[in-house]
Amino acid sequence: MSSIITESSPNLSLLENGGGGSDKPTAEMSRRVRRTVSTSSLIRQRSDLKLIARVRWEFLRRILTNLQEVVLGTKLFILFPAVPLAVVAHRYDCPRAWVFALSLLGLTPLAERISFLTEQIAFHTGPTVGGLMNATCGNATEMIIAILAVGQRKMRIVKLSLLGSILSNLLFVLGTSLFLGGISNLRKHQSFDSRQGDMNCMLLYLALLCQTLPMIMRFTMEAEEYDGSAVVMLSRASSFVMLIAYLAFLIFHLFSSHLSPPPPLTQEEEDVYNDDVSDKEEEGAVIGMWSAIFWLIIMTLLVALLSEYIVSTIQDAADSWGLSVGFIGIILLPIVGNAAEHAGAVIFAFRNKLDITLGIALGSATQIALFVVPVTVLVAWIMGIDMDLNFNLLETTCLALSIIVTSLILHDGTSNYMKGLVLLLCYVVIAACFFVSNSPSTDTAKANHTITKR
């Protein structure tokens, strides 16, 4: 759930600034920096502070201003009541399916607000530190859910949720954006910087290799010889490799000065970027740094609480609704949890700003594959739990084909609604596959993943 676009694609702002060589941006750089407008700004609401300004006490006025900006400053504030309702439903033993549904709804505004607060902190810390913060906190919700599920030794839920987030960004978010963006810009040429797609797809192929080899090793071993230790060791080594690749990716884009600047803006691009420039795209921080940090901690704790509810009730919800855990984990959970991010990607595609759309979709998928997944494996190791990167044959095949299709569609740097439709149809087929498939029993899952505690 990325916030500032530089989180998921730091190269956008760095490329636009020529690698950071000058302190005073030119007019061209200033125009291009607008492409880094955050997703949260698209769904923010204007805060009317006239009544709050009449409050005499400055301390109380600051508190009310923060509440106005953080709680009511988003169009998703109508979903905030789901948070206390989920707590009440869990406290008074309401049907667990209701607890799951309310927790899922409550995560949507909380995740968006975490992106907003991280953006506010980035305003105070500068672009480099802000980019690094967003690179680690952009998918905080997925990481929290994964770590809590690891603590409960529900490895299948961990892998399904992480895989679902990757597939959702590659096929659903990107597909919807390209499809609707192509329809709304039929008379305009749609193009983007293909270097961004090439870089992200290359890293996704590396992540795919690190997840495929443990699965292949599992199949090459005899049943009587397999105890899971070799696969777990390979998974941990691969996790370090993925983290090194992700760190190198950040360094390359945040600190490289040899990158060539993009070509000048065309007149058509000038018109597109100038006709919808508003104050909200150029405004600075609306709350102080320490206030943002305080609210970020509060929101993160609430996300952790609701994530725990989701992990503990997902099986009951699946049984109650007649759905498989695989369908809920791979399809339903990512769609609802990343709703704000999905909406931002689509809106940018409508505005023919496909570079930002790709930064949201591909950047988030890359972050999950190369950062969240290996961190989860290593955290499980620290907790004394053996977690491997064997996502099973069906899940790994879906991931591999999704990455291949996405890379083929993006390789030429152009877009149209047909490309988006193909990605959406691929997602529909995968959703149908997990809808008709049954979630394996606990014994089968344990046999497949060999989860043991040291």
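Predicted model: local features only at pLDDT ≥ 70, side-chain atom pairs only at ≥ 80, totals over all residues.
1. Serine 177 is buried, with a relative accessible area of 0%. A polar atom of the serine 177 side chain lies 2.8 Å from the backbone oxygen of valine 173. Leaving aside residues up to four places away in sequence, serine 177 touches Gly182, Ala345, Val346, Ala349 and Thr357.

2. Confidence comes next. The average pLDDT of the chain is 77. A score of at least 70 is reached by 72% of the residues. Two stretches need care. Over residues 1-38, pLDDT stays under 50. The model still has 104 contacts for that stretch beyond four places in sequence. Over residues 257-262, pLDDT also stays under 50. Here the model has 11 contacts beyond four places in sequence.

3. On the overall fold: the chain has 22 helices and 0 strands. It has 454 residues, and 54% of them count as buried. Take the contacts between residues at least 6 apart in sequence: 84% of these join residues at least 24 apart. The chain exposes about 19,600 Å². Carbon and sulfur atoms supply 66% of that area.

4. Leucine 208 is 162 residues from leucine 370 along the chain, yet their C-alpha atoms are separated by 9.7 Å.

5. Now the charged pairs. Side chains of opposite charge can pair when their charged atoms come close. The whole structure holds 7 salt bridges. One of them joins aspartate 388 and lysine 159, with the closest N and O atoms 2.7 Å apart. Aspartate 388 is in the loop between α19 and α20 (393-410), and lysine 159 is in helix α11, so this pair ties together parts 229 residues apart in sequence. Aspartate 388 is buried at 2% relative accessible area. Lysine 159 is buried too, at 5%.

6. Another salt bridge links glutamate 112 and arginine 113. The closest N and O atoms of the pair are 2.8 Å apart. Is glutamate 112 buried or exposed? Glutamate 112 has a relative accessible area of 3%, so it is buried. Arginine 113 counts as buried as well, with 0% relative accessibility.

7. Aspartate 193 and arginine 195 supply a further case. Their side chains meet in a salt bridge at 2.9 Å, N to O. Aspartate 193 is partly exposed, with a relative accessible area of 21%. The cut-off matters for this residue, because buried means under 20%. Arginine 195 counts as partly exposed at 38% relative accessibility.

8. Check two backbone angles. Most residues other than glycine have a negative phi. Aspartate 93 has a positive phi, near 55°. It is found in the loop between α7 (82-91) and α8 (96-125). Aspartate 93 is exposed, with a relative accessible area of 69%. Arginine 153 is not a glycine either, and its phi is positive at about 60°. Where is arginine 153 placed? It is in the loop between α10 (140-151) and α11. Arginine 153 counts as partly exposed, at 35% relative accessibility.

9. Last, the surface. Ile183, Leu186, Tyr417, Met418 and Val422 form a nonpolar patch there. Together they have about 460 Å² of accessible area. Which helix gives the most to the nonpolar patch? Helix α21, residues 417-436, does, with 3 residues. Tyrosine 417 lies in helix α21. Tyrosine 417 is partly exposed, with a relative accessible area of 38%. Patch residues must have over 30% relative accessible area, so tyrosine 417 at 38% passes that cut-off.

Methods
Residues numbered from 1 in each chain as written. Heavy atoms only, no water. Patch = residues over 30% accessible without salt bridge, like charges linked within 9 Å, V, L, I, M, F, W, Y side chains within 5 Å. Areas by Shrake-Rupley, 256 points an atom, 1.4 Å probe, with all protein chains shown as cover. Salt bridge = Lys/Arg side-chain N within 4 Å of Asp/Glu carboxyl O. Helix = DSSP H or I, 4+ residues; strand = E, 2+ residues; numbered from the N terminus. Buried < 20%, exposed > 50% of the residue type's maximum accessible area, 1.4 Å probe, protein only. Polar contact = N/O pair within 3.5 Å; in protein donor to acceptor, adjacent residues only side chain to side chain. Contact = heavy atoms within 4.5 Å. pLDDT = per-residue confidence, 0-100.
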